[in-house]
Amino acid sequence: MPLNLPAGKTLAVSIGADFDAHSVWMGTFGLSSPSYLSRGEFGAEVGVPRLLDLFERYSITTTWCTPAHTMLTFPERFGSIVERGHEIAAHGCWHEPVPKLDADEERRLMEQTLRLHEKHVGKKPRGYRSPAWDFTETTLGLLEEFGFEWDSSLMGRDFEPYRPRPVTVGWEDGSSFGEPSSVLEFPVSWYLDDFPDQEYIPGANPGLGSSEAMFKRFQDHFDYAYKNVPGGVLCITVHPQTIGRAHMIMGLERLIDYMASFPGTWFAPISDIYDTWSE
């Protein structure tokens, strides 16, 4: 396996927190009414402390994918994440809808994002997660140009990192692939994301699903990977405004407790997992 996990470790687990706060409502859904913004505020003021306390109880350090807008809007809450030693990855400037951007605007927002990371984190991010979990034709090249080591936005595998390739779509002759990227992909999945399953958005997302069924699905993914993909990685995505709700944070604790009971489970930030990669 290309991931050479530390001695005694069987499966790497990243519980990545996307700290979107206001920006997901504004950027992705175009919503900025007091009700929607208050849901983002809940994530910052209630969800973040609950997540940080839970991670501390289990001695888990993880990756927080954070839009620059969140750093500026909730500086104290963002600072508490940095102070606890968690990794900060790039997650857009204001949770912009990446596939709708033209090349110049995408570059401008990426440059602004990196400037604000250096100002508020003190260093450039090693990794990126697209706010849209999607790319334009130029996104992968931008990540390479700006020196990102890893991305976590695509879905070409489930439990193994891989080198994404640009695709030229062909209809009658089949599609063709370009050269593998220098960026290493840590795949995500809508099946392993709390937001679409739980967040109710009238006319856009039904949400309000069974949290027990969702966590059972997360557990099933863990069970399969632990048994069948030794040396692999499981990337779970959570959002403070979603996972921070009372029934959700209790469910997450039960899931962590379950995964931690298996010898060799390694909870780690994505960059730490990246550092175990070899070709």
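Student: Which helix gives the largest share of the lining of the largest cavity?
Tutor: Helix α5, residues 103-120, gives four residues to that lining. Keep in mind that this is a predicted model.

Student: Which residues line the largest cavity?
Tutor: The lining consists of Gly-92, Glu-96, Val-98, Leu-101, Glu-106, Leu-109, Met-110, Thr-113 and Tyr-128. By class, five are nonpolar, two are polar and two are charged.

Student: How much space lies in it?
Tutor: About 50 Å³.

Student: And how many cavities of 30 Å³ or more are there in the whole structure?
Tutor: The search finds two.

Student: What lines the second largest cavity?
Tutor: Asp-18, Phe-19, Asp-20, Ala-21, Gly-40, Gly-43, Ala-44, Pro-240 and Gln-241. Two elements, α2 (34-57) and α9 (240-243), each give two or more residues to this lining.

Student: Which element gives the most there?
Tutor: α2 does, with three residues.

Student: Changing topic. What does UniProt list for residues 34-279?
Tutor: An unreviewed UniProt entry lists that stretch as "domain: NodB homology".

Student: How much helix and strand is there over residues 34-279?
Tutor: The chain is 45% helix and 11% strand over that range.

Technical notes. Residues numbered from 1 in each chain as written. Predicted model: local features only at pLDDT ≥ 70, side-chain atom pairs only at ≥ 80, totals over all residues. Heavy atoms only, no water. UniProt positions renumbered as here; feature names shortened; annotations may be inferred. 1 Å grid on protein atoms, 1.4 Å probe; cavity = no way out; pocket = protein on both sides within 12 Å on 5 of 7 lines; lining within 4 Å. Points joined across faces, edges and corners; volume = space filled by probe spheres on them. Nonpolar A, V, L, I, M, F, W, Y, C, P; charged D, E, K, R; others polar.
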